[in-house]
Every structure is written in C-alpha cells, then in structure tokens.
Amino acid sequence: MIRMNDVTVVYDNGIRAVNKASLRVDEGEFVFLVGASGSGKTTIIKLLTAEVRPTEGKVLVNNYNIGEMKKSRIPYLRRTLGVVYQDFRLIKTKTVYENVAFAMRTIGAKSKAIKQRVPYVLDLVGLADKAKEKPMNLSGGEQQRVAIARALANDPNVLLCDEATSALDPQTTKAILRLLKNLNEKLGITVVIIT
Ligand code: ADP
Ligand code: MG
C-alpha cells in the first residue's frame, strides 16, 4: 500500500526533484510509473524506501509514515519492500545462491529458513539450475533475475523496479516483464515498475 499526497522533494542544492506529486498504489496492483530522464522517478523510489524524506506532503508505505518515522524504524520498512535496480547490484565474488542468502543473513534470518527460501525464490525466477554460478557467468537477463530473487528473499509485499530493464535488449526486457507479471499474479505481490 503506497500513498503520496501533494509531495514535494527539494534537494539541498535547491533542485525541486518532485513537485506536488500524488500517487496511490493498492495491494496487488501492477503499475508503471513513466517519465523522462531527470523527471524525479528515482527520487520517488528513494522516498518510498526512506532514503529521501519529503520536503512537503505525506508519504505512506505499508503504514509507515516516511516523513515522520524514526531512523531506527527504517530497516523494518525496508523489509516490506524489494528493490531492483538497472545495474543489478549483485556481489561479484558470491554465487547466485549466496547473493540471495546474503540478503536474508543481513536481517538475521535463521539458516534453516535460508535453506528453504533461497531455492524457492530461485525457482520462482527460473534460475534453480544456476545457484552455484557467479554473476559474471550469467547473461544480463539472468543477472536481473538473480536481483529479482534477492529482492523477494525477505518476502516483501511490494517490488519496486527502478529502470530494471533499461540495460537489457528488447527480447530480454519482454521476458523480465512477463516474469514480473507472473510474480504479481502468482504471489499477489504489488509491483511498481519505473521506466
Ligand atoms: P529520474 O530518476 O527520473 O531520472 P531523479 O529522481 O534521479 O530523476 O532526479 C530528479 C532531479 O533531481 C534531477 O534534476 C537530478 O539531477 C536531481 N537530483 C537527483 N538526486 C539528487 C541529489 N542527491 N542531490 C541533488 N539533486 C539531485
Ligand atoms: Mg532514475
């Protein structure tokens, strides 16, 4: 559940990245947020993850009030969100399995839960047979699937994709979008795609 009401973000350098924007995304929706380069899309993702606070207006994400929440609560907000980036942001020295497991370890998941969950999310993205590979041995589309699996690791209810297909060719883009739609339908997860 995402609500933005009349939200403005002014950065320290005076740039107004978001100007009185309102947005409503309900549970289970599959939405695209489209805008030109520099129009404030990434700033909106950063608002939703509380990397940036609103200068004005109200932002609610899974019942967290972004403008007013304490810093110490931010990790809990972030566990409700999975974020996928254009440049994948995988750890090169770790295997596919370890990249996903690492996301669970950082929030203190038990090893039994990790052993159950990692194969499950890798299967969801169609990479069950690549668990032992390093990212450099995968195609761009496969690397992005690993990033999606990692984003799903802690069972978020919203998946935020910031230009997640911008580095991929049209055919691979299509396959990734189909995967995201399948996840939305199969898991009921809310998906926000910024492009
Ligand atoms: P988009 O993702 O749509 O390309 P951004 O949200 O990244 O847009 O940027 C919106 C505007 O805010 C741009 O003019 C950009 O230069 C500016 N901006 C982005 N991040 C910062 C920052 N940390 N400090 C100052 N200005 C920023
Ligand atoms: Mg951006």
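In helix α5, the residues that are buried comprise Gly141, Gln143, Gln144, Val146, Ala147, Ile148, Ala149, Arg150, Ala151 and Leu152. The structure described here is a predicted model, and within it α5 is mostly covered, with ten of its 13 residues buried. The cover over these buried residues is provided by elements that include the strands β6 (81-85) and β7 (158-162), together with the helices α3 (96-105), α4 (111-124) and α6 (170-187).

The shell around ligand 1 consists of Tyr11, Asn13, Ile15, Ala17, Ala36, Ser37, Gly38, Ser39, Gly40, Lys41, Thr42 and Thr43. By residue class, this shell divides into seven polar, four nonpolar and one charged, and its largest share, three residues, is contributed by helix α1 (residues 41-48).

Polar contacts to oxygen atoms of ligand 1 involve both backbone and side-chain atoms of the protein. A polar backbone atom of Gly38 is 2.7 Å from an oxygen atom of the ligand, whereas for Thr42 an N or O atom of the side chain is found at 2.8 Å from a ligand oxygen. For Thr43, a polar side-chain atom lies 2.5 Å from an oxygen atom of ligand 1. Taken alone, ligand 1 exposes 560 Å², of which 65% is buried by the protein.

Technical notes: Residues are numbered from 1 along each chain as its sequence is written. Chains are lettered from A and ligands numbered from 1 in the order in which they are written. This is a predicted model: local features need pLDDT of at least 70, side-chain atom pairs count only at pLDDT 80 or more; totals for chains, interfaces and linings use all residues. Side-chain values use heavy atoms; hydrogens and water are left out. Buried means under 20% relative accessible area, exposed over 50%, partly exposed in between (1.4 Å probe, protein chains only). Helices (H or I, at least four residues) and strands (E, at least two) are DSSP runs, numbered from the N terminus. Contact means heavy atoms within 4.5 Å. A residue is near a molecule or strand if one of its heavy atoms lies within 4 Å of it. A polar contact is a pair of N or O atoms within 3.5 Å; within protein, one must be able to donate a hydrogen and the other to accept it, and residues adjacent in sequence count only if both atoms are side-chain atoms. Accessible areas come from the Shrake-Rupley method with a 1.4 Å probe; for residues, only the protein chains shown count as cover. Ala, Val, Leu, Ile, Met, Phe, Trp, Tyr, Cys and Pro count as nonpolar, Asp, Glu, Lys and Arg as charged, and the others, Gly among them, as polar.
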